[in-house]
Amino acid sequence: QLLGNQDHIKVELERLKKAHDEQQQKLEERVLVLGKELQEAKGAIGDSQHRLVEQSAVLLTSQSQLQEVEAENSRLQLRLKELNEEYRSRLAQHIRDVANYMDSKPSSATGRDKGPAGQAAMKHFVDSMLRDIRASYKSREEQLARAARGYKKRMKDLAKKHEKLLIAYGLQREQIRSLGSAAVDCGPAELHFSITEPELLTNSSRELNRLREEKAKLEVQLQELQKGLGLMSGHDPNELFCPRQLDEEGWAQVRKQLREFAHNTQEDLEQERSQLLTRAVVAEEQVSELQEYIDQHLAR
């Protein structure tokens, strides 16, 4: 029977060999295409890295120029303040000289204006006017200082509310992600909405921004890993990593650990932030006392 079926076996072997050659050719073509795509991706990555290096160099140069301009601006503001003080003192001295000159001139009027009290009238008037000007300047400076402190306080309050909104937004994203639905968009990462102004950033805010940046990088790596495993296995990456298909107890433990870590980290950062706020208030009081001492003693 085997000898009788030898022709059929040869035909079957030829068909299998032909199918194997076709599959081998398809695989080789696929490997060539993937190699070409890999080379293109490497070239694109190289170009991106080159542009990133150029942009980093431009950014460093711009930051250096910005620091120089800020230093020059501070120096010019200080010089302007000194010139204003000098102008005020010289103007007051000129006014006093004019008043003394006017009081020293012999009066052509008759009566009591010829007495010493009448001759010193101009000087008294000028002294009163200068006192009023100093009082108005001091009142205006105190008003501007109060407005600046109120503005800083409002900006700090807004920064606190913004941080709370970011925390709530992050928790909402995690809840949406835990549902495992591919149709729902979780939205951009928290780092996209973080405050970057240096004057509004505290040590706790900088630490939170650093953690958000690391979290965003990990999310990108996780998405790339999901896509890679989905292509390798032929399944949807969202279905492959769906929490409902994994061990519920393991995910619950992971979420519990993440919540505990976030809670402990937030408590530490809040404590450090309260200490820094206390030190900032004390420093502001000391600066106010020093400024008052300078205005009262050194200026005289």
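Two residues are in contact when their heavy atoms lie within 4.5 Å. In this predicted model, local features need pLDDT of at least 70, side-chain atom pairs count only at pLDDT 80 or more, and totals for chains, interfaces and linings use all residues. Residues are numbered from 1 along each chain as its sequence is written, and side-chain values use heavy atoms, with hydrogens and water left out.

Helices here are DSSP runs (H or I, at least four residues), numbered from the N terminus. Look at where α1 touches α3: Arg88, Ala92 and Ile95 are among the α1 residues involved, and the α3 side includes Val126, Leu130 and Tyr137.

## Salt bridges

Now for the charged pairs. Side chains of opposite charge can pair when their charged atoms come close. A salt bridge is a side-chain nitrogen of Lys or Arg within 4 Å of a carboxyl oxygen of Asp or Glu, and by this rule there are eight.

In one of them, Glu72 pairs with Arg75, with their closest N and O atoms 2.4 Å apart. These two sit three residues apart in α1, so about one helical turn separates them. Lys156 and Glu284 also pair up, at 4.0 Å from N to O. Because Lys156 is in α3 and Glu284 is in helix α6 (residues 248-298), this pair ties together parts 128 residues apart in sequence.

## A tucked-away Glu

Is Glu163, at 12% relative accessibility, buried or exposed? Buried means under 20% relative accessible area, exposed over 50%, and partly exposed in between (1.4 Å probe, protein chains only), so Glu163 counts as buried. Leaving aside neighbours within four places in sequence, Glu163 touches Ser205, Leu208 and Arg212.
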